[in-house]
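Hi,

Here is the structure I promised to pass on.

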Amino acid sequence: MDMADDGASKVQQYVSLMRPLFKKRAVFSDESRFYRTPFEPKPGDNVTVRIRTLRNNVDEVWFISGAMRERMHVGETSEGFDYYEYTLPVGEDPVSYYFELRIGNMACYYNKLGITRDLSTRNSFRICPGFSTPEWARGAVMYQIYTDRFYNGNPANDVVDNEYFYLGGYARHVDDWNQVPSNMDVRNFYGGDLLGVEQKLDYLQDLGVQVIYLNPIFVSPSNHKYDIQDYDHVDPHFACIVKDGGEPLKDGDTSNGDATMYIQRVTDPINLDASNSYFAHLCQEIHRRGMKVILDGVFNHCGSFNKWMDRERIYEQHGGYAKGAFIDADSPYRTFFRFNNEHAWPYNEFYDGWWGNETLPKLNYEDSPKLVEYILNIGRKWVSPPYSADGWRLDVAADLGMSAEYNHHFWKMFRKAVKEANPNAIILAEHYGETYDWLKGDEWDTVMNYDAFMEPVSWFLTGMEKHSDQFREDLLGNGEAFRDAMTYHMASFMAPSIQCAMNELDNHDHSRFLTRTNHYVGRVNHLGAEAASVNINPAIMREAVLMQMTFVGAPTVYYGDEAGVVGFTDPDNRRTYPWGNEDKDMLDFYKRAIRLHKKYRTLSDGSTKDLCSGYHSVVYGRFSDKEQFVIAVNSGEQPIALEIPVWETGVMRTANTKMTQLLTTWRDGVSEEPVEHDVIAGILTLDLRAYEAVVLYRQD
């Protein structure tokens with residue numbers, strides 16, 4: 001061996017000696033209140049960031065931000081950990097940072113992915129001076145209501161048979177509340193309304209709901225109302241029909257210009273003003289109870305019935321409205337849409353529709369400053385008095401505009417407009433895929449959390465894709481895939497965003513989670529509605545709920561999940577709430593899990609760390625400097641034994657202690673009986689039964 005080989009061998013021996021001594025899993029930092037102070041800094045603040053290592057385990061820790069590299073010092077030693085600190089002044093500009101740890105000649109790097117070589121800006125910790133999300137939204141228990149299917153409080157405002165013609169058929173009233181939705185469900189109405197929501201506020205409060213998220217409530221011909229007809233007014237079918245009259249269409253008549261009852265109901269100012277006034281009252285009642293309300297904003301496209309387009313010639317038949325862009329080339333709304341044939345007026349049907357749908361005209365912001373200001377005013381209007389709604393959920397938000405550049409430009413304007421009108425309003429976007437570009441502090445507050453919650457939970461517990469379109473046995477029970485997905489996708493969020501991200505198990509666009517537990521691949525049109533309730537596993541559903549109520553984010557319940565509602569994807573997922581026929585056991589479990597979530601602040605704003613996820617097991621910690629939670633889940637039908645390194649959450653390694661079981665669910669039951677578990681030198685040994693999930697707790 002030559003001298004060079006001998007030197008290399010000594011280095012390898014040194015590294016082999018040092019690596020076991022370096023406790024990588026002890027290293028931890030995030031953007032929570034303990035590891036960054038202040039949590040939401042303003043320009044001019046001094047910000048202290050921290051990172052944890054095992055006591056006396058590393059030689060140096062460095063704070064790195066761009067070209068800046070500053071050595072950190074130990075600010076505190078506690079429970080066997082050293083907490084290194086660095087304080088920096090911040091200005092107006094965002095700051096990205098990560099850490100370098102050194103033992104002798106060895107160096108490693110730590111960012112949102114943990115110890116890693118991937119030092120891309122996306123995965124860095126971020127400080128965005130001046131960015132904040134509403135404190136009420138962090139960890140808030142939200143409840144999504146699809147209004148037509150929740151509760152019928154006022155049958156007098158129900159849609160009647162043949163009231164108008166839409167998408168190849170007549171509007172219909174469904175007389176049997178318990179009837180499952182038909183395959184072509186969009187124009188079928190069960191009669192749920194906003195008075196029904198008001199009449200069930202006691203129920204929602206008893207459940208533990210803090211925020212009500214309403215699917216669209218503005219004038220629209222569909223039951224889902226994502227094809228807005230009038231952004232300025234709540235649909236009288238959901239609120240108040242004071243002045244009724246006219247006639248439904250006769251069989252064979254498909255011209256909505258003849259739908260005089262519909263025209264009377266949705267264009268008469270008396271009905272529109274009364275409906276807005278009622279909604280103001282509802283908001284006041286919700287707020288009086290200490291609850292919040294979020295509206296659904298559909299700003300990428302409108303509907304062909306919209307008064308700006310008026311393809312159905314509804315407003316053409318009613319005095320007091322300007323001509324729609326479909327009607328006349330000189331319409332004041334012509335620039336609101338992009339027409340592809342300049343010689344087709346009157347009644348120009350050559351316009352861009354979202355995904356080619358003529359019933360969903362794409363809004364043309366780039367060519368219409370008037371449209372931009374109109375929608376910004378709509379954004380302001382509904383979060384301002386007399387409504388003072390508490391924010392917007394933005395439908396298909398990444399699709400708005402004709403380019404990515406304009407999309408970002410518009411949402412910056414929208415944020416400014418809404419926050420000036422109501423600084424405490426939330427801006428929460430629907431988005432599938434990478435969220436990083438919109439979550440930089442100047443556009444959206446947060447998102448519906450598909451990638452960092454709904455999908456990983458569904459794959460792990462059911463092996464099912466969120467539409468029930470695919471079953472993957474390789475992901476069922478794959479705790480490592482769950483851990484990796486969560487780690488990667490959570491890196492897109494800053495802490496103020498992840499803490500109020502809408503964590504759903506399902507919603508109006510996806511199959512019900514309870515149905516996914518039967519592993520049936522397909523949709524209602526070929527499987528049949530009955531199949532949605534065959535071979536379901538409520539124990540897995542309860543595990544999902546327990547994870548929902550203990551993971552970082554705002555747990556969001558889709559109406560009826562708590563009552564055991566099943567269903568394949570749209571439209572089967574829009575079954576009515578089964579008043580009087582609820583699954584009482586499931587409802588009781590939801591109440592217990594929500595109560596647990598609301599009792600402990602750490603479950604809303606504490607740190608989150610994977611502990612020992614593996615085959616059919618997910619184990620994670622939620623912790624602060626004052627208390628520790630450990631959540632352990634067995635997704636399989638066989639018992640498993642776990643040795644959980646609870647010391648990683650801050651439980652002492654140098655002394656024996658105990659953790660208390662607060663809530664558990666397994667195949668055959670649920671228990672809140674407090675059971676103590678021994679922790680020996682930082683390790684908790686736990687045997688999990690089939691389909692068991694457990695919440696363990698310790699307070700310093």
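Let's start with a strand pair: E5 and E6 (residues 81–89) run antiparallel to each other, joined over five bridges. Strands here are DSSP runs of at least two residues (E), helices are runs of at least four (H or I), and both are numbered from the N terminus. Two strands count as paired if DSSP finds at least two bridges between them. Within this pair, Val74 sits opposite Tyr84 in E6.

Before going further, some housekeeping: this is a predicted model, where local features need pLDDT of at least 70 and side-chain atom pairs count only at pLDDT 80 or more, while totals for chains, interfaces and linings use all residues. Numbering starts from 1 along each chain as its sequence is written, and side-chain values use heavy atoms, with hydrogens and water left out.

Back to the strands. E5 and E6 belong to an open sheet of four strands, ordered E1-E2-E6-E5, with antiparallel pairing. E1 (36–37) and E5 (73–78) are at the edges with a single partner strand each, so one side of each has no neighbour in the sheet.

Next, a helix pair. The axes of H6 (residues 369–383) and H7 (residues 404–421) come within 9 Å and cross at roughly 35°. (Axes are lines fitted to C-alpha atoms, for helices over the stretch in contact, and angles run from 0 to 180 degrees between N-to-C directions.) The residues that meet include Val372, Ile375 and Leu376 from H6, and Tyr406, Phe410 and Met413 from H7; contact means heavy atoms within 4.5 Å. By class, that contact has eleven nonpolar, one polar and one charged residues. (Ala, Val, Leu, Ile, Met, Phe, Trp, Tyr, Cys and Pro count as nonpolar, Asp, Glu, Lys and Arg as charged, and the others, Gly among them, as polar.)

Two loop residues are also worth a look. Tyr387 lies in the loop between H6 and strand E20 (391–394), and it counts as buried at 10% relative accessibility. (Buried means under 20% relative accessible area, exposed over 50%, partly exposed in between, with a 1.4 Å probe and protein chains only.) Leaving aside neighbours within four places in sequence, Tyr387 touches residues including Phe279, His287 and Trp382.

Glu163 is in the loop between strands E11 (142–145) and E12 (165–166). Is Glu163 buried or exposed? Glu163 is buried, with a relative accessible area of 0%. Its side chain makes a polar contact of 2.9 Å with that of Arg265. (That term means a pair of N or O atoms within 3.5 Å; within protein, one must be able to donate a hydrogen and the other to accept it, and residues adjacent in sequence count only if both atoms are side-chain atoms.)

Cheers
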